[in-house]
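Please read each point beside the sequence and the coordinates.

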Amino acid sequence: MAIDPTRPVAPEFPRVAGRDNVPAHVPKELVLPYEIPFGQKFLSAPYDYMASLHHSMPPVFYGVSDYSNAWQLIKHKDASFMLRESSVFSNEGATPFPRDPEDYFYFIPIEIDPPDHRKYREILDPVFSPRGVVQLEKNIRKLANELIDEIIDKGECEYTSAFGRPLPVYVFLDLMGLPLDKCDTFVQWAVDLLHAQDRELMAQAMKSISDYLKEVIAEKTDRPDDKVISRIVHASVDGRPMTAPEIFGFVIFLFIGGLDTVFATLNNIWLWLANNPDRRREMREDPENINQQVEELLRVFSVTFSSRVLSRDYEMHGVQMKKGDRINAILPACNFDPDAFPDPTTVDFNRKRKFNLAFSGGPHGCMGAHLARLEIRIALEEWLRRIPEFSLRPGTKIEYRPGGVIGPEFVPLVW
Ligand code: HEM
């Protein structure tokens, strides 16, 4: 399935959904109801649900829902293999976001398979590499403290709107070169696109984002700056300027991928911290272990998934999959795989180190991972230093947001 990134065409293999659309080669006993990401069983306790898959499901099964049918992987080893083996598991057409087939574009870099993929990643390596993100540390810490200054004397806040969302979203918008005062609008667009069950609403959100970003791209073409969108607009691939669909596909994917993943992660972590005062104390008493603490919290609160399309027939655990089938690694479930992480649902800050799949892995491993880790570390350090004791507001009922990025909608706190 080699594609030409300069001539985007809609993928050959359509997305299928529902019980009536199961391909004939899928064994009936492997067709199982799939609650992610909209089912009630999943939404009432997503992490319990994903951990329980290891008791209720075979390692490979065919998940059927009204949203999308696909093979599902829950073992760490299988997912790691899928993520590395791009010659079998392709990224072409693997994202769920709607597009006009007449005006098609690829989401870059996520829909480009190696070796072309690397050429796009290289453009932003200076910004997102460990060395690049470390330069942001001072500003992120300052912003975290300014946000805490606003709430500390009030003795309460709604965590998401007061801290969890503005911290990473401001950092991200500033990096991209987008106006901070449109933060709420951008977040709403991203939420509609990533969390709506209604394809109409998704399409509308996609249109709003597209119209806006096209204007920004035109502006940065005329007036370059040193921010990410401008770097993309003025970058070369194979010694040529990028085409308009390449530039657009790159900018829009960053917008989608970078906007709500960090705050969903922070929301999950703060909900857990609020309910676990002893573990908060343990963290504060062992500040040298902060990086391991961040990794362990990312493992148990992984927020998203990796999807691919088979570019040839392939057998896994004796299950015959066919070219064109979709396959999804349920990354949070893989991070609860007892064969990879003994006693997987226990948060253990001294766990033997093993690569967790919160940011997936292989060539498409998250480009924003170093930035996200830094933001989470600083958020924990500054908040626990200044607001060490806090709890959920009494009577709070936590509701998880449906969709492709898992996290509670609101986390009201008191201290
Ligand atoms: C805790 C926060 C985050 C999590 C859990 C996360 C998770 C992921 C995952 C699982 C993938 C791989 C998807 C796949 O294999 O199909 C991915 C890819 C990606 N992420 Fe993140 N992400 C986070 C934050 C960010 C941020 C802040 C940015 C941008 C500033 C970002 C940009 C990207 C990009 C560009 C890709 C595509 C990489 C490629 O295809 O080579 N992510 N992310």
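Predicted model: local features only at pLDDT ≥ 70, side-chain atom pairs only at ≥ 80, totals over all residues.

1. Strands β2 (residues 60-64) and β3 (residues 70-73) run antiparallel and are joined by four bridges.

2. Trp-71 is placed opposite Ile-327 of β11. Strand β11 is in turn joined to β8 by four bridges, and these two strands run antiparallel. In that pairing Ser-306 faces Ala-329 of β11.

3. Strand β8 (residues 306-310) deserves a point of its own. Five of its five residues are buried, so the strand is largely enclosed by the rest of the structure. The burial applies to both faces: Ser-306, Arg-308 and Leu-310 lie on one side, and Ser-307 and Val-309 on the other. Strand β8 also pairs with strand β4 (residues 89-90), antiparallel and over two bridges. There, Phe-89 stands opposite Leu-310 of β8.

4. A further sheet is open and has three strands in the order β5-β13-β12, with antiparallel pairing. Its edges are formed by β5 (156-158) and β12 (391-392), each of which pairs on one side only. Two bridges connect β12 to β13 (residues 412-414), and Ser-391 has Val-414 of β13 as its bridge partner.

5. Which residues come nearest to the ligand? Of the 25 residues around the ligand, these are Gly-258, Thr-261, Ser-306, Cys-366 and Gly-368. At least two residues of the shell come from each of the helices α12 (244-259), α13 (261-275) and α17 (369-386). Helix α12 gives the most, with four residues.

6. Thr-261, one of the residues that come nearest to the ligand, belongs to helix α13. Is Thr-261 buried or exposed? Thr-261 counts as buried because it has 25 C-beta neighbours inside 10 Å. Apart from its neighbours within four places in sequence, Thr-261 is in contact with Val-303, Thr-304, Ala-372 and Val-405. Thr-261 and Ile-108 are 153 residues apart in sequence, and their C-alpha atoms are 17 Å apart in space.

7. Helix α8 (residues 166-176) has nine buried residues out of 11, and is therefore largely enclosed by the rest of the structure. Among the buried residues are Pro-166, Pro-168, Phe-172 and Met-176. Just after this helix, Gly-177 adopts a positive phi of about 85 degrees.

8. Helices α9 (residues 183-195) and α10 (residues 199-222) pack at an angle of about 145 degrees, their axes being 8 Å apart. Their crossing is left-handed. On the side of α9 the contact is made by Trp-189, Asp-192 and Leu-193, and on the side of α10 by Leu-201, Met-202, Ala-205, Met-206, Ser-208 and Ile-209. The residues of this contact divide into seven nonpolar, one polar and one charged.

9. One runs from Ile-36 to Pro-37, with omega near 5 degrees; Pro-37 is located in the loop between β1 (31-33) and α1 (40-44). Another joins Ile-108 and Pro-109, with omega of about 5 degrees; Pro-109 is placed in the loop between β4 and α4 (116-128).

10. Positive phi values also occur in residues other than glycine. His-317 has phi near 50 degrees and sits in the loop between β9 (314-316) and β10 (319-321). With 12 C-beta neighbours inside 10 Å, His-317 counts as exposed. For Ser-360 phi is near 60 degrees, and this residue is found in the loop between α16 (331-334) and α17. Ser-360 has 21 C-beta neighbours inside 10 Å and therefore counts as buried.

How values were computed
Residues numbered from 1 in each chain as written. Pairing = 2+ DSSP bridges. Near = placed C-beta within 6 Å. Buried ≥ 20, exposed ≤ 12 C-beta atoms within 10 Å, placed from the backbone. Axes fitted to C-alpha atoms, helices over the stretch in contact; angles between N-to-C directions. Left-handed = near helix turned anticlockwise from the far one by under 90°. Contact = placed C-beta atoms within 7 Å. Nonpolar A, V, L, I, M, F, W, Y, C, P; charged D, E, K, R; others polar.
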